[in-house]
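I opened a notebook for this structure and wrote down what I looked up. The entries follow in the order in which I made them.

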Amino acid sequence: MFWDQELETLPRPALEKLQLKRLQDTVRRVSQNVPFYQQQFAALGIKPDGIKSLDDVRRLPFTTGVDLRATYPDGLLAMTRDHSVRLHTSSGTTGKPKALFFSAKDVDNAAELIARSLVMTGITRQDVFQNMMSYGLFTGGLVMHYGAEKVGCLVIPAGPGTSDRQLMLMQDFRTTAIHILPSYALYFAGFLEQKGIDPRKDLALRKAFVGAEPHTEETRKRIEEAFGIDVYNSYGLTEMNGPGVAFECEHKAGLHLWEDNYILEIIDPITCEPVPDGQTGELILTTLKREAMPILRYRTRDITSIIPEPCKCGRTHCRLNRITGRSDDMLIVRGVNIFPQQIERVLMSMPQVGRNYVIILEGLDDMTVKVELSAVGFDGQVEHLTALQSQLVEKLRAELLVKPKVDLLPPGSLPVAEGKAKRVVDKRSI
Ligand code: AMP
Ligand code: ZN
């Protein structure tokens with residue numbers, strides 16, 4: 001199903017022509033209105049008229065999270081503040097957040113991108129959409145909310161509230177779709193199990209949209225199996241409007257990035273040179289339609305790759321592979337580079353393993369993976385636990401090339417974060 005079939009299936013030459021026109025407009029606007037970019041353009045000798053092809057995007061300066069904080073609160077505004085109608089900030093926990101202003105058109109456009117994204121997974125106005133993400137400064141609440149309303153769904157702004165309340169709303173209003181953090185979805189599945197609720201029989205759920213934090217294909221499968229529903233990966237970041245940047249279609253085979261709104265590049269994060277299509281690197285995004293606060297070549301730090309083949313759904317907008325983590329999430333343990341997602345992949349592929357885990361780094365360079373057991377794994381037989389522990393240590397060693405310690409814990413014994421899950425606690429002395 002399509003929200004805007006013509007735009008979603010625009011032939012590549014027409015899509016690229018549209019991108020170029022919007023890039024030229026964006027560069028012109030920031031060169032007129034944003035001192036931060038004016039200074040950078042002057043230093044690099046960039047004139048708006050010099051942007052003649054899409055490749056010229058590579059001549060533009062990068063914008064980093066540090067730049068966003070340095071220009072906080074409103075140094076990147078391209079319009080006066082009275083043109084803005086909404087503010088969101090990033091979920092950063094230390095120092096100043098990154099602030100993002102929206103004009104009325106930006107708010108509407110962000111909702112449009114969500115509407116497109118939801119409809120391509122089969123959401124219709126008949127759906128009851130329970131948004132279980134936080135409704136504060138975080139974009140996962142309001143931005144998704146307005147998009148689902150645009151489709152015509154009945155939207156329940158549940159927020160992250162307690163599980164009892166979520167369940168009550170789901171039962172009373174026959175919720176068919178949820179927007180939820182993957183870590184919370186796993187926890188919520190355990191909660192339903194405890195309550196003796198069988199989602200297949202007792203609930204009307206059919207789809208979940210999960211995002212805002214890295215998660216693996218194994219985690220998706222677990223959520224799908226626990227609820228008996230389809231789960232779609234949703235990617236976004238505050239700096240680029242929040243959710244709705246890239247989203248899976250009904251084929252669940254990579255995330256379509258809405259290229260009429262963003263130019264994407266994948267670069268080697270060290271050399272900053274582009275990598276060939278299909279190769280992994282850091283995602284760089286340039287906004288093409290943002291009015292209040294356009295951002296050029298934003299260094300997302302998110303690691304992914306382009307899927308070069310066209311999608312079966314007929315959409316021409318490029319697909320990205322699942323984000324495997326952020327370049328700044330990478331752990332160096334005994335000289336080896338490790339992404340937390342590698343650990344999650346191993347853990348979630350084993351039925352004896354439960355739904356929550358944490359990676360602890362301490363001492364000189366010791367890694368301990370504390371992981372909850374599932375009901376299957378927690379059978380009270382000590383010899384089973386010892387065998388499982390050795391099996392996990394061996395699987396993790398083979399994946400990571402570093403041998404961790406593994407602590408097995410009873411189901412439900414690790415704390416569940418209020419918002420995004422915190423998977424790594426680094427207490428190392430060096
Ligand atoms: P925030 O600005 O607080 O919404 O955080 C955005 C960040 O969350 C992104 O830059 C990613 O690192 C992460 N993120 C969002 N969606 C996903 C996703 N579907 N898969 C992996 N990471 C994600
Ligand atoms: Zn598709």
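**Entry 1: Leu-401**

I started with Leu-401, which counts as exposed because its relative accessibility is 65%, and the cut-off for exposed is over 50%. The model is a predicted one, and I kept that in mind for every entry. I then looked up where Leu-401 sits, and found it in the loop between helix H12 (382-400) and strand S20 (405-409). Its phi is near 70 degrees, a positive value in a residue other than glycine.

**Entry 2: Asn-241**

I next looked up Asn-241, another residue that is not a glycine but has a positive phi, here about 100 degrees. Is Asn-241 buried or exposed? Asn-241 counts as buried, because its relative accessibility is 3% and the limit for buried is under 20%. Asn-241 lies in the loop between S7 and S8. Tyr-235 has Ala-246 in S8 as its bridge partner.

**Entry 3: the sheet of nine strands**

I traced the sheet that holds S7 and S8. This open sheet has nine strands in the order S4-S3-S5-S6-S7-S8-S9-S14-S13, and the pairing is mixed. Strand S4 (154-156) and strand S13 (306-307) are the edge strands, each pairing on one side only.

**Entry 4: ligand 1**

I turned to ligand 1 and asked which residues come nearest. There are 18 residues around the ligand, and Ser-91, Asn-233, Ser-234, Thr-238 and Asp-302 come nearest. Strand S7 (residues 230-237) gives the largest share of this shell, with five residues. By class, I noted six nonpolar, seven polar and five charged residues in the shell.

I then listed polar contacts. An N or O atom in the side chain of Asn-233 is 2.8 Å from a nitrogen atom of ligand 1. For Ser-234, a polar backbone atom is 2.8 Å from a nitrogen atom of the ligand. Arg-326 has a polar side-chain atom that lies 3.2 Å from an oxygen atom of ligand 1. On its own, ligand 1 has 500 Å² of accessible area, and the protein covers 94% of that.

**Entry 5: the sheet of four strands**

Asp-302 stands opposite Arg-326 in S15. Strand S12 (residues 298-304) and S15 run antiparallel and are joined by two bridges. The open sheet they belong to has four strands in the order S10-S11-S12-S15, with antiparallel pairing. Its edge strands are strand S10 (262-267) and strand S15 (325-326), and each pairs on one side only.

I checked how far S10 is covered, and found that six of its six residues are buried. Tyr-262, Leu-264 and Ile-266 are on one side, with Ile-263, Glu-265 and Ile-267 on the other. S10 pairs with strand S11 (residues 281-287) in the antiparallel sense, over six bridges. Ile-267 has Glu-282 in S11 as its bridge partner.

**Entry 6: strand S18**

I asked why strand S18 (residues 353-362) is largely enclosed by the rest of the structure. The reason is that eight of its 10 residues are buried. I then looked for the partners of S18. With strand S19 (residues 366-373), S18 pairs in the antiparallel sense over seven bridges, and Val-358 has Lys-370 in S19 as its bridge partner. The hairpin of S18 and S19 has three residues between the strands, and in this hairpin Gly-363 takes a positive phi near 60 degrees. With strand S21 (residues 424-426), S18 pairs in the parallel sense over three bridges. Ile-359 stands opposite Val-424 in S21.

**Entry 7: helix H6**

I checked the length of helix H6 (residues 139-151). At 1.5 Å a residue, its 13 residues should span 18 Å, and the end C-alpha atoms are 18 Å apart, so the two values agree. The buried residues of H6 include Val-143, Met-144 and His-145. Just after H6, Gly-152 takes a positive phi of about 105 degrees.

**Entry 8: two loop residues**

Last, I looked up two loops. Thr-175 lies in the loop between helix H7 (163-172) and strand S5 (177-180), and is buried with a relative accessible area of 0%. Thr-175 and Leu-205 are 30 residues apart in sequence, and their C-alpha atoms are 5.9 Å apart in space.

Key
Residues are numbered from 1 along each chain as its sequence is written. Chains are lettered from A and ligands numbered from 1 in the order in which they are written. This is a predicted model: local features need pLDDT of at least 70, side-chain atom pairs count only at pLDDT 80 or more; totals for chains, interfaces and linings use all residues. Side-chain values use heavy atoms; hydrogens and water are left out. Two strands pair if DSSP finds at least two bridges between them. A residue is near a molecule or strand if one of its heavy atoms lies within 4 Å of it. A polar contact is a pair of N or O atoms within 3.5 Å; within protein, one must be able to donate a hydrogen and the other to accept it, and residues adjacent in sequence count only if both atoms are side-chain atoms. Accessible areas come from the Shrake-Rupley method with a 1.4 Å probe; for residues, only the protein chains shown count as cover. Ala, Val, Leu, Ile, Met, Phe, Trp, Tyr, Cys and Pro count as nonpolar, Asp, Glu, Lys and Arg as charged, and the others, Gly among them, as polar. Buried means under 20% relative accessible area, exposed over 50%, partly exposed in between (1.4 Å probe, protein chains only). The expected span of a helix is 1.5 Å times one less than its number of residues.
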